[in-house]
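Let us learn to read a structure, one feature at a time.

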Amino acid sequence: MMNIYGITRSDLENFLLLIGDKKFRATQIFEWVYEKKVSSFSEMSNIKKNIQDKLADMFSFEKIKIKKKQEDKLTKKYLFELEDGNYVEAVLMEHDYGLSICVSSEVGCNMGCAFCESGRLKKVRDLKAHEMVQQILLVEEDIQKRISSVVIMGIGEPLDNYDNVMSFIKIINDAKGTAIGARHITLSTCGIIPKIRDLMAEELQINLAISLHAPNTQLRNKLMPINKAYPLKDLIEVIKEYIEKTNRRVTIEYIMLKDINDNETQAVELAALLKGMMVYVNLIPYNETNHIEFKRASKDKVMKFYDTLKKKGINVTIRKEFGSNIDAACGQLRSKEVWYENILFNWFR
Ligand code: SAH
């Protein structure tokens, strides 16, 4: 059985044609599911009983569950339990321009970035499209408000789960789905070059963010193993191609790590690397975790780094921080949960 929250409208149209029904039915079904929020085909009163039955044989409305919630003033962090007992997280942030949500794309991650909590736990499996869509639906239901923007920056590497992530984007972007504008959707990647090319070919108007984190390939090799497969020089080339093809500005993410990538020389090097490109750099305060040695760069260092980039004509901002006091950052809630489970498991063995 397929999950109804994971099918795009055009795939649903094809399915309806296959069972001898009409294409427009897909739009009706989407209205029932995403506007009226029903959770069975029998409630869809403008659909004939025999079609309802056929649909019910094919699609389930099974939901993931909110297992835990932590909140502070501007942030709510959700831990979801999936059907198979795995966990992922999403974080809701309240900005002056509306609500944004950071969703996970995989259970764990195989990219193994040295500074990252999610990477420490390794990938268990891809998330299916419906499990990503439902992170948004469940949070909207919980807060009884509409979410206006989505960042795919939670646990996982979205381009390592390409097809599911594309379906997810199509469903949430669909005017009859959750109707989140493409320009309000951001996909963040560590830089899987062939998949960035595929993404380019989709001609979506979404935002692309690249986790760069180092101004040269030697340092990037140490921080991000993906750089050995897809080195910085090639990554910069593909970003240029992406900008050329889509005419969209790309975000460069740069976590500020104390004594690792936060000095003046590195700022100068980064500015030279990005010179003339239609990008903007987002300097990110590092969230320290208990398991990893890296420390957050000092405010003073971050400001100096910022000033240097600015002086060199690079667009740059410093990311506002949300929820570091509620483990909202980067895989920490799931990591804790998995950790507790492992401990319990060992005790009871
Ligand atoms: N795999 C994707 C998306 C998930 S990670 C990617 O690499 O972009 C989202 C962002 O959080 C990335 O920029 C990642 O490098 C960063 N990140 C990971 N651990 C972090 C931490 N402890 N503090 C701050 N940012 C972190």
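**Reading helices, core and surface**

Helix 1 and helix 2 are oblique to each other. The model is predicted.

Q: How are two packed helices described, and at what angle do the axes of helix 1 and helix 2 cross?

A: Two packed helices are described by the angle between their axes and the distance between the axes. Here, helix 1 covers residues 9-18 and helix 2 covers residues 25-35. Their axes cross at roughly 125° and come within 8 Å. An angle of 65 to 115 degrees would count as roughly perpendicular, and one over 145 as roughly antiparallel. The pair is therefore oblique. The crossing of helix 1 past helix 2 is right-handed.

Q: Which residues make the contact?

A: Helix 1 brings Arg 9, Leu 12, Glu 13 and Leu 16. Helix 2 brings Arg 25, Ala 26, Thr 27, Ile 29 and Phe 30. By type, five of these contact residues are nonpolar, three are charged and one is polar.

Q: Which residues touch the most other members of the largest nonpolar core?

A: In soluble globular proteins, nonpolar side chains tend to be buried together. In this model, the largest nonpolar core has 106 residues. Ile 29, Phe 168, Ile 169, Ile 239, Val 281 and Leu 283 touch the most other members. Take Val 281. Leaving aside neighbours within four places in sequence, its contacts include Ile 252, Tyr 254, Leu 270 and Val 316.

Q: Is Lys 311 buried or exposed?

A: Residues over 50% relative accessible area count as exposed. Lys 311 has 73% relative accessibility, so Lys 311 counts as exposed. Lys 311 lies in helix 12, residues 299-311.

Technical notes:
Residues numbered from 1 in each chain as written. Predicted model: local features only at pLDDT ≥ 70, side-chain atom pairs only at ≥ 80, totals over all residues. Heavy atoms only, no water. Axes fitted to C-alpha atoms, helices over the stretch in contact; angles between N-to-C directions. Helix = DSSP H or I, 4+ residues; strand = E, 2+ residues; numbered from the N terminus. Parallel < 35°, antiparallel > 145°, perpendicular 65-115°, else oblique. Left-handed = near helix turned anticlockwise from the far one by under 90°. Contact = heavy atoms within 4.5 Å. Nonpolar A, V, L, I, M, F, W, Y, C, P; charged D, E, K, R; others polar. Core = buried A, V, L, I, M, F, W, Y, C linked by side-chain atoms within 4.5 Å. Buried < 20%, exposed > 50% of the residue type's maximum accessible area, 1.4 Å probe, protein only.
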